[in-house]
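Dear colleague,

Please find the structure below, handed over for your work.

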Amino acid sequence: MSTSSANSACYASPNTAPQEVDTLIHARWILPMCTDVQGQPHLYKQHSLVIHGQRILDILPTEEAKGSYLAAQVYQLDDHLLLPGLINLHGHAAMSLFRGLADDLPLMTWLNEHIWPAEKHYVNEDFVRVGTQVAIAEMLRTGTTYFSDMYFFPEVSAQVANDVEIRMQATCPLLDFPTNWAQTPAEYLRKSADFIQHWQKNPWVRPALGPHAPYSVGDGLLCDTLALQKQTGVNMQMHVHETDFEVQQSLELHQQRPLARLARLGALSAQFQAVHMTQIDAQDLALLQQHQVSLIHCPQSNLKLASGFCPLQQVRQAGILTGLGTDGAASNNDLDLWSEMQTAALLAKGVAGDASALPAYEALKMVTIDAAHIVGEGARLGSLEFDKQADICAVRLQDLDSLPLYQPISHLVYTRMADKVSHVWVAGKLHVDEGELLTLDERSLKEDARRWAMKIANTGHHTP
């Protein structure tokens, strides 16, 4: 059933005055990320989306909308497609300030010899504040309205998200070794517990736990983290099976693959988000299925660091819920979910040897409705439906490099799209208008980013 027919009571009869609402968006297409009874995606043409407060009130043909509603704000987007705001399920937002710091290196060299030393030297509250603001600006301008973050000083990044009014899953980092945020496992746990308590009822920030990886978190800290998760009911996200080296190291140290070790300790559940998973055998696949673990695929970061290839088609055929993340700008080097979708779709075909693997609509689900379900927000986010939150992205599809246009859905995935984002709303509030940021000061952000770049370059802690 379409959204408009489900909410037909909102239509005004010829003898009634139009209903007053906050916003009307008249669009050439609306892709709500819902399917019909045959499982085919809805694609509405010449329809309008109605927003009142933070929620979607209606979707109906434009001619009907003009007679049924009177809006304070009206947007005539004749060359545009509306779809839900995109959801970036994995990243390290503040690492935008390390963009390009150490390129063309394998993962462990990149981490051990460049990123971790740079983090020890530079990461503080101001670094995280500026880096997170830069990341949010980039994500909003490319249509992302929800992001998951795993980084130090999560209280700072959460405050930034709260102030900007963008949605965020903030995962508290936990490691066995000291960092600038915490020195001991006990301090990591205490700060994580305090963070969860402070932010758990916030409308913009969804706190979660982020033990870094099986190779950086021992059994003791992991068990204590699981106890905290059980106490608070939050999600957990972790880098798992990112490289073959990680798997072989675990076999030597624990006589088990990392995922099997996590299962033995009781870590796997429907609230566990396994990031990367480039190394998957039959046992791993069975564990993912058995425990209903979600998998977050970061194809561009995995390709750049030569970490391996997630067998996405095999995973999805096994019924495992999958989403997409960009990872941080230090290993990607952008936060553009459109190019991530394209890479995921193309890579899935190449790995599977099947041109039908991960078709365009399935790739779009990975950054909308499926992603919303992964973070536990599927009831109110991820699709454009009656009474859901008005998180909306508008893309312009009449530029020369979008023509001719036979199939809008495939265009979204297989053509260049980030620069086509024109408008972005979060909870009914306009954040991007004709490509311009409304809720962040771009000039000030550029100055702050340059200030940090000069500091890092001048102290010599950058790529040798």
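A residue is called buried when its relative accessible area is under 20%, exposed when over 50%, and partly exposed in between, using a 1.4 Å probe and protein chains only. This is a predicted model, in which local features need pLDDT of at least 70 and side-chain atom pairs count only at pLDDT 80 or more, while totals for chains, interfaces and linings use all residues. Residues are numbered from 1 along each chain as its sequence is written, and side-chain values use heavy atoms, with hydrogens and water left out.

By the definition above, L381 is buried, its relative accessible area being 3%. This residue is found in the loop between α15 (369-374) and β13 (392-396). Contact here means heavy atoms within 4.5 Å. Apart from neighbours within four places in sequence, L381 is in contact with Y146, R167, I369, A372, K388, Q389 and D391. Its C-alpha atom is separated by 29 Å from that of A227, which is 154 residues away along the chain.

H90 is also buried, with a relative accessible area of 0%. H90 sits in the loop between β5 (86-88) and α3. Once neighbours within four places in sequence are set aside, the contacts of H90 include S148, M150, H239, H276, C298 and D327.

Helix α3 spans residues 107-122 and has a kink of about 35° at I115, shortly before the proline P117. The bend at a residue is the angle between axes fitted to the seven residues ending there and the seven starting there. Buried residues of α3 are L107, W110, L111, H114, I115, A118, E119 and Y122. An α-helix has 3.6 residues a turn, so residues three or four places apart point the same way. Among the elements that cover the buried residues of α3 are α4 (125-141) and α17 (442-458).

For the protein as a whole, the secondary structure comes to 17 helices and 16 strands. These are DSSP runs, with helices (H or I) of at least four residues and strands (E) of at least two, numbered from the N terminus. Buried residues make up 59% of the 464 residues. Of the contacts with a separation of 6 or more, 73% are between residues 24 or more positions apart. The C-alpha atoms fill a box of roughly 75 × 50 × 45 Å along the principal axes.

Yours sincerely
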